Amino acid sequence: MRTEVPSDSSEAIEEYELPCSEAVLAGTLALMTAYSQSLQAERDPAQRLAISLRVAHNLERLGAQPALSEPFRALSGRLATLWRQMARCTADARADCLEEHAAPPAAAGGAHRLLH
């Protein structure tokens, strides 16, 4: 049985008090918020990659929840695919960033690179 909290209640609901699918959804939304913060991306791209993979995983979990409607589960599956693609882009950008920082000063200082 689900207990409704009055809208004027000052009590905060914690994730562990939510039904399973709602807890996964709440956690996923929190992860999406963390992913979208640009300062975090610059400071720790590896963490951003881990967050994007966790968002994709959570969306896949939501897509498998029998308590959720079929349209919602289908949407969750499509979103999971998009988040996996974003994770790949994040990984590629991180690799490019690491290569730039590892380049010797002469290569970074204006020497021409061949594009293949």
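Let me begin with contacts. In this protein, of the contacts with a separation of 6 or more, 56% are between residues 24 or more positions apart. Please keep in mind that this is a predicted model.

Now the overall layout. The protein has 5 helices and 0 strands, and reading along the sequence gives the pattern α-α-α-α-α. Of its 116 residues, 17% are buried. The accessible surface amounts to about 8,600 Å², and carbon and sulfur atoms hold 58% of that.

Helix H1 covers residues 20-36 and helix H3 covers residues 45-63. Their axes come within 9 Å and cross at roughly 155°. Angles over 145 degrees count as roughly antiparallel, so that is the description for H1 and H3. The crossing of these two helices is left-handed.

Which residues meet there? On the H1 side they are Cys20, Ser21, Val24, Leu25, Gly27, Thr28, Leu31, Met32, Ala34, Tyr35 and Ser36. On the H3 side they are Arg48, Ile51, Ser52, Arg54, Val55, Asn58, Leu59, Arg61 and Leu62. By type, the residues of this contact split into 11 nonpolar, 6 polar and 3 charged.

One of the H3 residues in that list deserves a stop: Asn58. Is Asn58 buried or exposed? Its relative accessible area is 6%, and the cut-off for buried is under 20%, so Asn58 is buried. Leaving out residues up to four places away in sequence, Asn58 touches Val24, Gly27, Thr28 and Leu31.

What does Ser76 contact, apart from its neighbours within four places in sequence? The answer is Leu59, Leu62 and Gly63.

Last, the loop between H3 and H4, which is where Gln65 sits. Gln65 is buried as well, because its relative accessible area is 17%, under the 20% cut-off. Where does Gln65 stand relative to Ser21? Along the chain the two are 44 residues apart, yet their C-alpha atoms are separated by 6.9 Å. Gln65 touches Ser21, and also Cys20 and Arg73, again not counting residues up to four places away in sequence.

To recap: H1 and H3 are roughly antiparallel, with Asn58 of H3 touching residues including Val24 and Leu31. Gln65 in the loop between H3 and H4 touches Cys20, Ser21 and Arg73. That is all I have.

Methods
Residues numbered from 1 in each chain as written. Predicted model: local features only at pLDDT ≥ 70, side-chain atom pairs only at ≥ 80, totals over all residues. Heavy atoms only, no water. Axes fitted to C-alpha atoms, helices over the stretch in contact; angles between N-to-C directions. Helix = DSSP H or I, 4+ residues; strand = E, 2+ residues; numbered from the N terminus. Parallel < 35°, antiparallel > 145°, perpendicular 65-115°, else oblique. Left-handed = near helix turned anticlockwise from the far one by under 90°. Contact = heavy atoms within 4.5 Å. Nonpolar A, V, L, I, M, F, W, Y, C, P; charged D, E, K, R; others polar. Buried < 20%, exposed > 50% of the residue type's maximum accessible area, 1.4 Å probe, protein only. Areas by Shrake-Rupley, 256 points an atom, 1.4 Å probe, with all protein chains shown as cover.
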